Amino acid sequence: MKDYQDFHTTSNFSAEDALEWAWEEFQDDVVMTSSFGAEDMVIMDMLFRRKLKIKIATIDTGRLPEETYKLMERAGEKYGIAVSTYFPDFSEVESMVSEKGINLFYKSPENRKLCCSIRKVQPLNRLLNGKKAWVTGLRSDQTEFRKNSIVVELDKSRNIVKINPLLNWTSEDVWKYIKENKVPYNELHDRGYPSIGCAPCTRAVKPGENERAGRWWWETDLKECGIHMNHESQPFPTEMVIKGRRGD
Ligand code: SF4
């Protein structure tokens, strides 16, 4: 079996190697979270080709663009993979919208963070509950914050191992893979949306802008919703390796 630390120190291990390691190591205790972005579609395609049965889950915030729902359908038809869908707590959404308005996120950073917390972070925490590892489509060059990530790291607040197989890929690498392997992707990418989240919080970017500039474009600080801000960029402690791993 490959050693996870090698993913950080050599370039001999591919994204597929990291996924195979995650499956071997964690089996039913690992989940991939997908927002059906370009990177997530690459990982989904790799799982399909390598016949890795890592479960896939997504969060429907209730504010996604129609194009994302269309892609969910197309991906399901192509890969035949069941994707578990998690929704926000309806009573929390009802209270938030009744009190602060349907588009509260434009009014203040606090409102925006509240909406992301209720619609994204809390369902994520629910879907990760009881899991020992999760696979993400993070790339280190997407934001300054993500530059601190490593391929296999510990999300300390959730006490879960986070595996980022595409961390060292560039956007060009992602699109080369998508074209060569005819991977389905969100049609908004062809209309200037390199990064796609909820419809009211995503716009197309202008030439030369950072690929996440269209996310919460009216804000100037971190372009993050809170999902990926809890990790410590350190290899996970080896004592967290699951007992009963095959071959032990
Ligand atoms: S991206 Fe916008 S609509 Fe979606 S959860 Fe965050 S604030 Fe709410």
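Select Lys182 to start: this residue sits in the segment after α7 (171–180). Helices here are DSSP runs of H or I with at least four residues, strands are E runs of at least two, and both are numbered from the N terminus. Lys182 is not a glycine, yet its phi is positive, about 50 degrees. Lys182 counts as exposed because it has 9 C-beta neighbours inside 10 Å. The cut-offs: a residue is buried with 20 or more other C-beta atoms within 10 Å of its own, exposed with 12 or fewer, and partly exposed in between, with C-beta atoms placed from the backbone.

Before moving on, two notes on the model. It is predicted, so local features need pLDDT of at least 70 and side-chain atom pairs count only at pLDDT 80 or more, while totals for chains, interfaces and linings use all residues. Numbering starts from 1 along each chain as its sequence is written.

Next, pick Asn159, in the loop between β5 (152–155) and β6 (160–163). Asn159 also has a positive phi, near 50 degrees, without being a glycine. Most residues other than glycine have a negative phi. Asn159 counts as exposed because 11 C-beta neighbours lie inside 10 Å.

Now zoom out and colour by secondary structure. The chain has seven helices and six strands, and from the N terminus the elements run α-α-β-α-β-α-β-α-α-β-β-β-α. Of the 248 residues, 38% are buried. A contact means two C-beta atoms, placed from the backbone, within 7 Å. Taking contacts between residues at least 6 apart in sequence, 74% join residues at least 24 apart.

Go to strand β1 (residues 30–33). Val30 and Met32 point one way, Val31 and Thr33 the other, and all are buried. Strands pair here if DSSP finds at least two bridges between them. On one side, β1 runs parallel to β4 (residues 133–135), with three bridges; look for Val30 and its bridge partner Ala133. β1 also runs parallel to β2 (residues 55–59), again through three bridges. There, Val31 stands opposite Lys55 and Thr33 opposite Ala57.

Trace the path from β1 to β2 and you go through α3, in a right-handed β-α-β unit. Right-handed means that, with the strands pointing away from you, the path from the first strand over the helix to the second runs clockwise.

Stay on β2: four of its five residues are buried. Four bridges tie β2 to the parallel strand β3 (residues 83–86), and Ile59 has Tyr86 as its bridge partner. The chain gets from β2 to β3 through helix α4 (residues 66–79), and this crossover is right-handed as well.

Leaving aside neighbours within four places in sequence, Pro123 is in contact with Ile59, Tyr86, Phe87 and Pro88. Pro123 counts as buried because it has 21 C-beta neighbours inside 10 Å.

For contrast, select helix α5 (residues 90–100), where the count of buried residues among its eleven residues is zero. Gly101 follows α5 with a positive phi, near 100 degrees.

Which residues touch the most other members of the largest nonpolar core? Ala22 and Val135 do, in a core of 43 residues. Helix α3 (residues 38–49) gives the largest share, seven residues. A nonpolar core is a set of buried Ala, Val, Leu, Ile, Met, Phe, Trp, Tyr and Cys residues joined through C-beta atoms within 7 Å. Centre on Val135 and, not counting residues up to four places away in sequence, you will find Leu19, Ala22, Val30, Met32, Ile43, Ile54, Ile163 and Pro165 touching this residue. A second, separate core of seven residues includes Leu64, Phe105, Cys115 and Trp216.

Last stop: the ligand. Show the 13 residues that surround it, the closest being Cys115, Cys116, Arg119, Cys198 and Cys201; near here means a C-beta atom, placed from the backbone, within 6 Å. The shell divides into seven nonpolar, two polar and four charged residues. In that count, Ala, Val, Leu, Ile, Met, Phe, Trp, Tyr, Cys and Pro are nonpolar, Asp, Glu, Lys and Arg are charged, and the others, Gly among them, are polar.
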